[in-house]
Each structure stands twice: as C-alpha cells, then as structure tokens.
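Student: I'd like to learn how to read a structure step by step. Could you walk me through one?
Tutor: Gladly! Let's look at it together.

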Amino acid sequence: MPMNAPASNPADLFTETAFTRKKRRTEMLAQGLFGTMTLAMVIPLALILGYLAYKAAPLLSWDFLTTNPTHGMRKGGIWSALLGTIYLVVLSLCISAPIGVLAAVYLNEYAKDNWFNRIVNLAVVNLAGVPSIVHALFGLGAFVLFARLDRSILAASLTLAIMTLPVIIASTKEALASVPVSFREACWNVGATRWQTIQAIVLPNSISGILTGVILQVSRTAGETAPIMFTGAVFYRNIPEGNLFAYGIKDQCMALSMHLYTVTTQVTNAPEALPYAIAVTLLGTVLLINATAIVFRVWLRTRKKW
Amino acid sequence: MTILPPEPVRPPSSESASPKILIEDLRLSYGPKEVIHGISFYIEPNEILGIIGPAQSGKTSLLRCINRTIDFTASAKVSGIIKVDGMDVRQMRNVYELRRKIGMVAPLPVGLPLSIYENVAFAPRTSGMRKKSDLDGLVEKCLRQAALWDEVKDRLDSLGTKLSGGQQQRLTIARALSHQPEILCLDEFSIAIDPVTTMRIEEVLRELKQDMTIILVTNLVQQARRLAARTLFLWNGEIIELDTTEVMFSDKAKDKRTNDYVNGIFG
Amino acid sequence: MANAVRETPDTVASTRRTPRPRRGNLGILGERVIEVLIHLCGISAMIFVFAIFFFVFREGAPILRKLDLGRFFFTQTWYPTSLNTPRYGVGALIIGTFSVTVLAMLIAVPFGIGAAVFLSEFCGKKMKETLKITIELLAAIPSVVWGFIGLTVLNGVIQKVFNVQVGLNVLNAAILLALMSVPIMVSIGEDALKAVPDSYREAGIALGCTKWQLIWRLLLPAAKNGLLAAVLLGVGRAVGETMAVLMATGHSVNIPHSIFDSVRTLTATIAAELGETAEGSDHYRVLFLIGILLFTMTFLVNLLADFAVKGIRKK
C-alpha cells in the first residue's frame, strides 16, 4: 500500500490505485513469462514423445523385441541389440555400484576435511564432467589395448562403469548425509566402531536412497553410445533368439543405442518406421526405469523411520 | 587461574579406594580457541559427581574427552592426563573398550531407527554377544533399570524412534547401561523431558550409584543438590569450585560466583 | 531409597557384571579388510581421473614429436586421410564446437534460469514436484535419441520454418544441446535460489517491491554464484556432447558464417573417424590428442563451476 493513500476513508484501502494495478500487472507478467519458459521445455518433451510413438507404431510388437535384425538390418527385430544393452548395463553396474557406494562411504563417513580429501572430492566432480567420447578413448587405450581385453562386453562395461561412477558416488553421498549425525554419535558412545555404525545404522537407513540413485544410473547407462562404440559394441552380430545367455563377456555385442545410430546413419533403404521403433524402444526402456526410480523415491518418503 | 580441589589429589596407590577417574591439567582447544583451560579433579568410585555451570562452559566437551569421542571432531586438540582406573585414556589403543566402560547419555534423546529391543541389544551385539538368551536377559535388565520396561514390554519390536521424548530418553539411558558400564555420564538428560519423568530417572540414578560411578552434568542446579555427593562448578573452561554439595549450596562456598550461580543470580 | 519394590530382584539388583564378551578375531579382521577396501574405493575417482589422462595421453603423445602445435591449433584444414600430405588443423573444429556451444547457451541460459526462477518462486508445491519430475525425464533422454530427433524431426522443421536448404546445422545442434543442458541448469539454479535466505524475500516484500523487482534486484544478484555454476556445468555438458552433435551438425569441416551453416565439432570428429583409422597411425594419434584437448577444456570449465558452487556454500 502506498504511503500517500488517503486514510480518511477506510474503504480506500481496498480499492485499486494506479500503483497497485501496475504492480499486479507486472507480477502477472513475470509469472506468465517464467511459466512460459518452463513450459517451453516441457511441451517439446511431450510433442517429441508423441511424434516418435506415432511414427514407430506400425512396427512395434513383441516380435520386434524378440527377433534378430535381418536383411542387412532392414527387416526383423532388435533382439541382439536389446540383450547386448542389458549385458552392458548389468555388468557395468556390478562394477560401478559397489565401488561407488564404498567411495561415497569413505567421503561421507571417513574422510577428514583436509587438502587431500578436497582433491578427492574435486576429482569426483571432474570425473563427472569428462566427455563421453574421452571415456571412449580411455576405454580403448586402457582396457582394449593396454589390458588386452580386445573389443568385448567386458571392456565396454568397464568403460561405462568408470563413466557412471561419479554419479553413483554423488547420489550415495546425498543418501548417506540424510542420516542424522546424532545416530552415529549414539553408536560411537556405546563403543561401536565406525564400520559397525555404518553397517548397523547408516547403510540400512540410506539403502533406499542409494538404490534410487543406482536405478537412475541404469537408465543413463542404457542410453550411452560414444563410450561403447570403440570398446565393445559392433554394428551387427547374430545370436540365438530367446537365449538370455547368448553373449559371453569376452564377446562383442550389439547395443540399442549403437543400433539406432547405425540404422539412422549407415543403413540405406531401411523402412521409415524402423529407426523410430528402435528409438521408441530405447526411450521407453530408459523412461520406464526412470519412472520406477521416481515412484520408488516418492514411496520412500512416505515411510521414513524418524 | 585454576582453583585446586579442596583436598589434595591423592596418588592412586595411597588408599584402597583409588580414584575412578583422575584428570590433571586437561586442556582442550578447537582450532585456535581454547575451551578448557587446564583443569584437574578426580572422581571416587560409586560417587555421583555433579557438574554445573552455564552453557558454553565446556561441560559436554569434558565428557567427550573422557570417552574420547572428541576424536571425531577433527579440529579438537587435547593435552593433559585423563586416567580411568589408573590407565591413561589418551594412550589407550582400544578406545572401544574404553567407551564400553563408560555409558554416555546425550542431552537430546536419540532413539536409533531400530526396534526397542535392538536399540538396547545394539551395544552388546557389537561387542560380540550373540546368544539370544543372554541378550534377552540383558535387554530386560537394562530396560528395568531405566524404568521403561513396564511401558514397552509388550511392544519391543516397534521402532525406538516412535517413542515419546521422555521414553526415548529412558531408552537412551537403557542403551547406555546395556554394555554394563562402570561409569555413567549424563549430559543434561532432563533437558527434553517432563519433571515427572525426571524425578523417576533421578530415583533410578540413586539406585545405580551402588553399581557405578556417575557424572551428572546438569543445567538444573537443584538436581545436582538432590543427587550429587560433590559438585563441581565449571565456568568458561575453568573449575571455579569443587566441594561437597552441602558446602557448595550453603553460604560457606569459598567463591562468590558459586554462591551467585547456585542462587540463580547469573547463568 | 525405594529398594523394596523390585519385581525380579536377581536381574535388576545384580551388582556383579556378566563377563564382558569379546569380539571374535575374525570379526575384527573382517572390519580391517573392509575399511582398507573403503579407503581404496574412496580414492578411486582420483585414480581414474589420472588414469584417463595418462592413457589418452599415452596413445596421443608420440605424435607430438611430428606435429607443429601452432599449425594444429590455428589452421583450418583437416585432411587426415590425404595420401601425400595429411593435414591436421583443428581450428575449424574448435570454432565448430565453440559456435554450437555458444548458441546453445544463448538459448539455454534464459530458459534454464527462467525455469529455475519459476520453480523456486512462483510454483506451488504440487506443481513444482510435477515439473521437476518432467525435467528429470528430459534429462534422461539419451543423447543418441536427441541426435535422431535432430536428424529426423528438427531437420525438417528448420528447413520449413527458415526456408533453408540444409536443416542439419549450428542451429539444429544448438537447440538439441540447449534442451539437453537445461535440466542440469534448472536443478543447480534452483538450488542456488533456494539458498538465498527467506529474509531477503521478506525484506523485499516489506519494502513493497513487485515480484519482478524482487527477482531482478535481489534474488538473481544474491544467487549469482550458483547460477554461474549452473551455466558453466551446462557449458561443460555442451562441449563434451558427442552423439547429438555428430548427427545434427551436418558434419562438414567449415567455419560457419551463419547459424544455418553446417559445422563439425571436436567430439564428433573423434566419434566419426576413430573407427576407420589404423591403430598407431598418425591420424589415430591426432584423434587422441583432440581427446586430451577436450579433457583439458572440460576439466577447466568444471573446476570453475566447482569454485563457483563452493562460493555459495561458504556464504
């Protein structure tokens, strides 16, 4: 309310002056502007998803998922690529999740605040920022050539594992930090060692947060292309259909993300719906895993123990 | 300025009752800031020693020095001698054994996010007790000692964090007793609970005195008067006075500040 | 003292202690082992950062003896496969990366910060949750899918809307990169705005500020470090992005004169050519050298972002 409003008539306090009207208008303008900016990100998402699904519809079926590509990848399904992606994700996670969780335990529970640990933290941040193609070069130089793993599922998974590591560390750290310090002190006071405290109190009460982070990471790993291009994924490989154990860890494999890239850019005369169908499968997998993690997280919030 | 205890500190071997805890010239600093300026005193076995003093005078830090949880504060620096049963705490390699000797009750009740049973069984388990029957007996004994058994005996499986504040504080005490300590430190335990519960716990403490040595840090001077045999007045990291509770709470106290504090003139 | 009423005297009043149990040696040993493991894993990130630098450098270093670094950085001719005189000038590639990144940021920064402001200042709780989840999903879309969208959808849209011949160009890639880096900007930016104490807002409202003035004069300046970090992290992401730019830039070595020109970036060059080079050849080593260049660039950007974030925490 402006100071110079005549106070004689109390009703004036409630009528709009030119000043308050202007104020209200700018307020609405601001809200509208920022709201539009937000919507500008949300709407493309919906539009794109809808468009992709529409284009892919003719091809999507259960058979599409469970048969191998044929006729130079112009016909058939995506089974070998789908299975390859599953192998890569599972194996890389088996490597990065334990290391990442233990690293986060170190940083959150053991590390004192000194220059050394500040460097370690900085390393985590920077590892997260290394471009995926540089990870690919590293995987090629270190695992494929130096460690003589050749181009294999193992080499590709190791590369992916190192790429996902910092994100798992970050999300686990956050989960660990949400356990109150007073719990730890109570345990120390009765003579529990650090590890006993972590094992009995800290981990059980943060495990769900840790899992959410790991699940989210699954979805990101599934979509990565660059790091596996030169370390283990190939354009085409034929495997028996319906056998979940068709790949060995020293084999090369196909992967959904790579398959999408190949079909889009290298294969000529592919049916129009094919790349769309691959994209939708990949996207569907990723978003489904993501949604699971989000639902899991929301559900967790409802059952806190303190 | 250090005022020595009224009696000279006896060397541990001079009498059969050697002091349970002996502290000599203890200094503690957090970074550049010294918060305890060289204090010395001793505690007899099976004694209740009251420690009173305004906030920020170093009471909690003192307790944390004794059970060495001060180690977890990276910036803390301790010097001087702290002896428990004649052994120098600061030279001890097995601090976990030391902490099991000392029960510690924090100002705010902390129920661990475990069942009530597991809250109490936690410490014995970590020290290697595995047999169910032993644990059952111990849990019941500790909960009874903490005057909580009757209220929770039918729901030992429910979460300790869901108890009321007063119940949680008694659970904390039960947990502190669960590793059968010889020394029990209570740090302003009544801060978060109602007067009735406080009186019940005080009753419990009088009984526990037969089994153990008790250090009672309290913000309620009258509580020290009710329970403690001797009372120590700590102010700004220095001992202003240490004497029998009768002397401290009478006008015979040597230092005027003691008089003022116990009469509520400052602090 | 009320010693009389004790229900089970033998348990309550017992003064003798049961002998203190001891932990088994196996338990203590196990704990030592796991703590060593934790410490090892703890420093793994540092080891990996060094390892990345070491192995990429190891493959790329031998070429340094043959290569004139001045020509490498400042000439624009990239003819790695020429039989007689292969030329490795990454000038055009650097400019390509630079142009795409800058345009992407010009698009992303206003939208990212705007959305962050909307989320933290205008939204109700329910709406905020929904929007955050949507933005999280936006972040989850794999880069190869973005590339595909650029190639199929955006390509046609740009051709039609701007009436140009080629839709695979700087603008296309920049729009994709903007959409990809906006989620991280929103989440960091929102954190930064949340960190501004409420007393600022209350003081502003008490003085009769409009919401507009409040945001412009108080909140944005107060949160500027965090917002800077948000932008820098977006830049880091945009510089390092590979698949999307590989598919959407048009992939021609070119110094762009308008946003409708095709370009090629550092990352895309590695991705496209590494598969076709012989291991140990000059071309192969030069690609690793580009990798080192990228590593260094993103390292610096992330370092800056980290300092900016530390700035808000200290306050």
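Student: How many Å separate the centres of domain 1 of chain A and domain 2 of chain A?
Tutor: The centres, taken over C-alpha atoms, are 38 Å apart. Keep in mind that this is a predicted model. The domain assignment places domain 1 of chain A at 10-56 and domain 2 at 62-301.

Student: How many residues of domain 1 of chain A are in contact with domain 2 of chain A?
Tutor: Four residues of domain 1 of chain A meet six residues of domain 2 of chain A, counting C-beta atoms within 7 Å as a contact. On the domain 1 side, three are nonpolar, one is charged and none is polar.

Student: And how should I read two helices that pack together?
Tutor: Two packed helices are described by the angle between their axes and by the distance between those axes. Here, take helix 3 (residues 79-110) and helix 6 (residues 153-177) of chain A: their axes come within 6 Å and cross at roughly 35 degrees.

Student: Is the crossing of helix 3 of chain A and helix 6 of chain A left-handed or right-handed?
Tutor: The crossing is right-handed. The contact of these two helices has 21 nonpolar, seven polar and two charged residues.

Student: Which helix of chain A gives the most to the side that touches chain C?
Tutor: Begin with the whole interface: 69 residues of chain A are in contact with 69 residues of chain C. Helix 1 (residues 18-56) of chain A gives the most to the chain A side, with 16 residues. By class, that side of chain A has 50 nonpolar, 16 polar and three charged residues.

How values were computed. Residues numbered from 1 in each chain as written. Chains lettered and ligands numbered in written order. Predicted model: local features only at pLDDT ≥ 70, side-chain atom pairs only at ≥ 80, totals over all residues. Domains from an automatic or database assignment. Contact = placed C-beta atoms within 7 Å. Nonpolar A, V, L, I, M, F, W, Y, C, P; charged D, E, K, R; others polar. Helix = DSSP H or I, 4+ residues; strand = E, 2+ residues; numbered from the N terminus. Axes fitted to C-alpha atoms, helices over the stretch in contact; angles between N-to-C directions. Left-handed = near helix turned anticlockwise from the far one by under 90°.
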